[in-house]
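I opened the notebook to write down what I looked up in this structure. The entries follow in the order I made them.

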Amino acid sequence: MKILLAEDDAEVAKFIIAGFEESGHSVDHVTDGRDALSYCTYNECEVAVLDRMMPGMDGLNVLKALRAAGQNMPVLMLTALGDVDNRVEGLQAGADDYLAKPFHFSELMARVLALTRRRTDHVTQTELEVHDLTLDLLARTARRQHQLIELQTKEFALLEILMRNAGRIVTRTMLLEKVWNFNFDPNTSVVETHISRLRSKVDKPYDVPLIHTIRNTGYSMHGPR
């Protein structure tokens, strides 16, 4: 499981990171609210653990911005503000759970696992759709305007990531990591080559392009705006 931890207290962060990693999970750590928001905009994770009080942008405003942008990843708020009003405020802003400091790591771990199980149980997507393009994740097929598109394995994986992040920028580094697991030199043109092939199948035969290049950054998939 990949977890984002946004916590500016170095000792608390060290304690949490050690616990998650000992449990076999991957943790990305930021110390600033703006960095947390940027991370969630350009990266994927199974759950975010946000400290309520952070420099740059507090956890509550990060949460509000994420929900306003349509981000539905499970979020657990950590806070030293443990009174009922603060917990209610966090939950009303879109937090999935709330844990007051100090806490035992075993409780934090149990709550994070409960959030991810809940998401798996109730938000299992079997089909993705962007404009007139659909991707069936069970049948492993793609169709545009009801016409079947023949895709190779890597092309399907690439298209799935772009469609899961529709409307957001997906960086070249993210694609290398998720599709090729960094088994290639970062200077390779493999991403560009596969994007070109994908465009020839998904965009070229149709009037409306869906795969857009974001100069010096990566790609974004969306319909007409």
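I started with T153, which I found in helix 6, residues 153-164. The model is a predicted one. Is T153 buried or exposed? Its relative accessibility is 65%, so T153 counts as exposed, the cut-off for exposed being over 50%. I also looked up the separation of T153 from A18: they are 135 residues apart in sequence, and their C-alpha atoms are 36 Å apart in space.

Next I turned to helix 2, residues 33-42. Which residues of helix 2 are buried? I noted G33, A36, Y39 and C40. They cover an arc of only 120 degrees around the axis, so they sit on the same side of helix 2. I then looked up what these buried residues pack against: strand 1 (2-6), strand 2 (26-30), strand 3 (47-51) and helix 3 (59-68).

I checked the N-terminal end of helix 2 and found that D32 caps it. A side-chain oxygen of D32 lies 2.7 Å from the backbone nitrogen of R34.

Last, I looked at helix 2 together with helix 3. Their axes come within 9 Å and cross at roughly 20 degrees. That angle makes helix 2 roughly parallel to helix 3, because angles under 35 degrees count as roughly parallel. I recorded the crossing of helix 2 past helix 3 as right-handed. Which residues meet there? From helix 2 I listed G33, A36, L37 and C40, and from helix 3 V62, A65 and L66.

Key. Residues are numbered from 1 along each chain as its sequence is written. This is a predicted model: local features need pLDDT of at least 70, side-chain atom pairs count only at pLDDT 80 or more; totals for chains, interfaces and linings use all residues. Side-chain values use heavy atoms; hydrogens and water are left out. Buried means under 20% relative accessible area, exposed over 50%, partly exposed in between (1.4 Å probe, protein chains only). Helices (H or I, at least four residues) and strands (E, at least two) are DSSP runs, numbered from the N terminus. The arc is that of the directions from the helix axis to the C-beta atoms. Contact means heavy atoms within 4.5 Å. A polar contact is a pair of N or O atoms within 3.5 Å; within protein, one must be able to donate a hydrogen and the other to accept it, and residues adjacent in sequence count only if both atoms are side-chain atoms. Axes are lines fitted to C-alpha atoms, for helices over the stretch in contact, and angles run from 0 to 180 degrees between N-to-C directions. Angles under 35 degrees count as roughly parallel, over 145 as roughly antiparallel, 65 to 115 as roughly perpendicular and the rest as oblique. A crossing is left-handed if the near helix is turned anticlockwise from the far one by less than a right angle, and right-handed if clockwise.
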